[in-house]
Amino acid sequence: MTRDDTLALVARRNAAWLARDPAALAATHAPNGVVVSPTGGVLEGRAEIERVYRLWFSAFSDLVWQPAELLIDGDRIAQTARLTGTHTGDFFGMAATGRQVQVEV
């Protein structure tokens, strides 16, 4: 993957977050990708990854992704960001609280 490919991938992910599009976000993962999530556990494959993105968007109806620093080192990338939103729906069995949340990722 070239640096330009990496930047294009990050741009697609950021656009998908802005569009609140779980399918587009999942499509940025490898078809057999694995995500280890503190909320969703071990997610294997795009369908499972998309399911958790959908859960986040339904539980936090005003969820906002605020990208920050992007680090690229060869074929490895990391992006820090802040997620903010209001807990307005069920989230892994926890009923809506109406509380504001902020998560640094």
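**Pocket and strands**

A: The largest pocket has a volume of about 590 Å³. A pocket is an open set of points on a 1 Å grid over the protein atoms alone, where a 1.4 Å probe fits, with protein on both sides within 12 Å along at least five of seven lines. A volume is the space filled by probe spheres set on the points, which are joined across faces, edges and corners. This is a predicted model: local features need pLDDT of at least 70, side-chain atom pairs count only at pLDDT 80 or more, and totals for chains, interfaces and linings use all residues. Residues are numbered from 1 along each chain as its sequence is written, and side-chain values use heavy atoms, with hydrogens and water left out.

Q: Which residues lie nearest the centre of the largest pocket?
A: Arg13, Trp17, Tyr53, Trp65 and Val105. The lining has 22 residues, and lining residues have an atom within 4 Å of a point.

Q: How does that lining divide into nonpolar, polar and charged?
A: It has 17 nonpolar, 4 polar and 1 charged. Ala, Val, Leu, Ile, Met, Phe, Trp, Tyr, Cys and Pro count as nonpolar, Asp, Glu, Lys and Arg as charged, and the others, Gly among them, as polar.

Q: Switching to strands. In which sense do strand 3 and strand 4 pair?
A: Antiparallel, over 8 bridges. Strands (E, at least two residues) are DSSP runs, as are helices (H or I, at least four), numbered from the N terminus. Two strands pair if DSSP finds at least two bridges between them.

Q: Which residues are bridge partners there?
A: Asp73 partners Arg76, and Ile72 partners Ile77. The hairpin has 2 residues between the strands, and Gly74 takes a positive phi near 65 degrees.

Q: How many bridges join strand 4 to strand 5?
A: 5, and the two run antiparallel. Gly85 stands opposite Val101.

Q: What about phi at Arg20?
A: Arg20 has a positive phi of about 55 degrees. Most residues other than glycine have a negative phi. Arg20 sits in the loop between helix 1 and helix 2.

Q: And what is phi at Phe92?
A: About 50 degrees, positive, although Phe92 is not a glycine. Phe92 is in the loop between strand 4 and strand 5. Phe92 is partly exposed, at 36%.

Q: Last one: is Thr28 buried or exposed?
A: Buried, with a relative accessible area of 17%. Buried means under 20%, exposed over 50%, partly exposed in between (1.4 Å probe, protein chains only). Thr28 touches Leu9, Arg12 and Arg13, not counting residues up to four places away in sequence. Contact means heavy atoms within 4.5 Å.
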